[in-house]
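What follows is a walk through the fold, from the sheet to its helices and then to individual residues. Please keep the sequence and the model open while reading.

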Amino acid sequence: MYDNVHMRLATVGGDTSTVVGRLSNAKQTIDIDTGECRTFGYLNNLRVQVYESGLYIVGSLAKYYNGGNIYTLNRKDTERAVEKLSSELGVDISSAKVTYVEFGDAFIMTYPVQEYLKRLSSMPRMARNQQESTLYFQTKGVEDPKKFVFYDKETELRKKKEPLPDGFNGLNILRFEIRFKNRLPQQLGWPEVTASTLYNREFYRKMLNLYQQCYFSISKRKTLKPSALRDIKNPKDAFDCLVAMLICQTEPKQIEDFIGDITTGTDLDRVQLYRLGKMVERVSTKGKMMEQDTLISELDNHIRNVGAYI
């Protein structure tokens, strides 16, 4: 389930030149003000920065261990990847502090990924931001310490000009991952997050639960029941049915833009805007004439079944 990580080992102990010698394309820089010498290089796909007393490692741990990151790392493979990295660097990195982590998985879907993205409506206290084949739910502040991301994995690999593994060409590959940066102990409710923490059984279970909770907190668009017209008893039912039908046929971006125009172009206050948002949500996701979408049911099942073996 792990992919990209950032790790900092504050104190290596001993001569860091032994690490430098193991890196490819190594280049040195000297800080004019402090005179500190730093070396930047690579260990396979991982970018490694070596300074006088420690290391900073950035990149996909899954790609480093598997040769590609279409498959993420489960708990045991994460432990093996950390052991391999320690061996190849000549330094035990199990105590390195993790400052950024991605946790997620890829799922083979029946329909094109875009069809699933447009059915994911809103998430509490998070802003919805869709860009081409990627959907972000992210915090609204400047720091942006966490993101929940859905995207087309095949499209991403093609943009990076990376090959798909055998058997994956032409498949609809949806990736969902949760990303956390900075202050991980506070964000994840764990005293200290180090490389060895990532494969701690209880921490891994906590990440799995968080992953599922984040997904199921998202409001999903539903479809109109086949019996919706027969269920109309009064003009309000008819109006709700019409609005629900129009919302189902409208791209989420259009609805977001409309709400945005109302926010900036009218005198509605925050309470009124909140009520409007709830009215749209009630009709599109909770209305009595709506039912669960079969594509969302498919994605729900994937998320429920993820991490069956810890």
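Two strands are taken to pair if DSSP finds at least two bridges between them. The model is a predicted one. With that criterion, 10 strands form an open sheet in the order 2-3-4-5-1-6-11-10-9-8, and the pairing is antiparallel. From one strand to the next the twist averages 15°.

One pairing can be followed in more detail. Strand 1, covering residues 2-9, runs antiparallel to strand 5, covering residues 55-60, and six bridges join the two. Within this pair, Asn4 is placed opposite Ser60 of strand 5.

Helices pack on the sheet as well. Helix 7, residues 201-216, touches strand 1, strand 6 (97-109), strand 10 (146-152) and strand 11 (172-181). The direction of helix 7 makes about 115° with that of strand 11. Helix 11, residues 294-305, also packs on the sheet, where it touches strand 6 and strand 11. Its direction makes about 130° with that of strand 6.

The whole protein can be described in a few totals. It has 11 helices and 14 strands. Its C-alpha atoms fill a box of roughly 80 × 50 × 35 Å along the principal axes. Of the 310 residues, 45% are buried. Among contacts with a separation of 6 or more, 65% are between residues 24 or more positions apart.

The Arg179 side chain makes a polar contact with the side chain of Glu177, at 2.7 Å. Apart from neighbours within four places in sequence, the residues in contact with Arg179 include Tyr100, Val101 and Glu102. Tyr136, Pro145, Lys146, Lys147, Val149 and Tyr151 are also in contact with Arg179.

Two loop residues have positive phi values without being glycine. Arg125 is in the loop between strand 7 (120-122) and strand 8, and its phi is near 60°. The relative accessibility of Arg125 is 74%, and exposed means over 50%, so this residue counts as exposed. Glu132 sits in the loop between strand 8 and strand 9 (134-138), with a phi of about 50°. Glu132 is exposed too, because its relative accessible area of 60% is over 50%.

The cysteines come last. A disulfide is a covalent bond between the sulfur atoms of two cysteines. How many disulfides does the model contain? The count is zero, by the rule that the two sulfur atoms must lie within 2.5 Å. Cys37 has a relative accessible area of 27% and is therefore partly exposed. Cys214, in contrast, is buried, at 8%.

Terms used: Residues are numbered from 1 along each chain as its sequence is written. This is a predicted model: local features need pLDDT of at least 70, side-chain atom pairs count only at pLDDT 80 or more; totals for chains, interfaces and linings use all residues. Side-chain values use heavy atoms; hydrogens and water are left out. Helices (H or I, at least four residues) and strands (E, at least two) are DSSP runs, numbered from the N terminus. Axes are lines fitted to C-alpha atoms, for helices over the stretch in contact, and angles run from 0 to 180 degrees between N-to-C directions. Contact means heavy atoms within 4.5 Å. Buried means under 20% relative accessible area, exposed over 50%, partly exposed in between (1.4 Å probe, protein chains only). A polar contact is a pair of N or O atoms within 3.5 Å; within protein, one must be able to donate a hydrogen and the other to accept it, and residues adjacent in sequence count only if both atoms are side-chain atoms.
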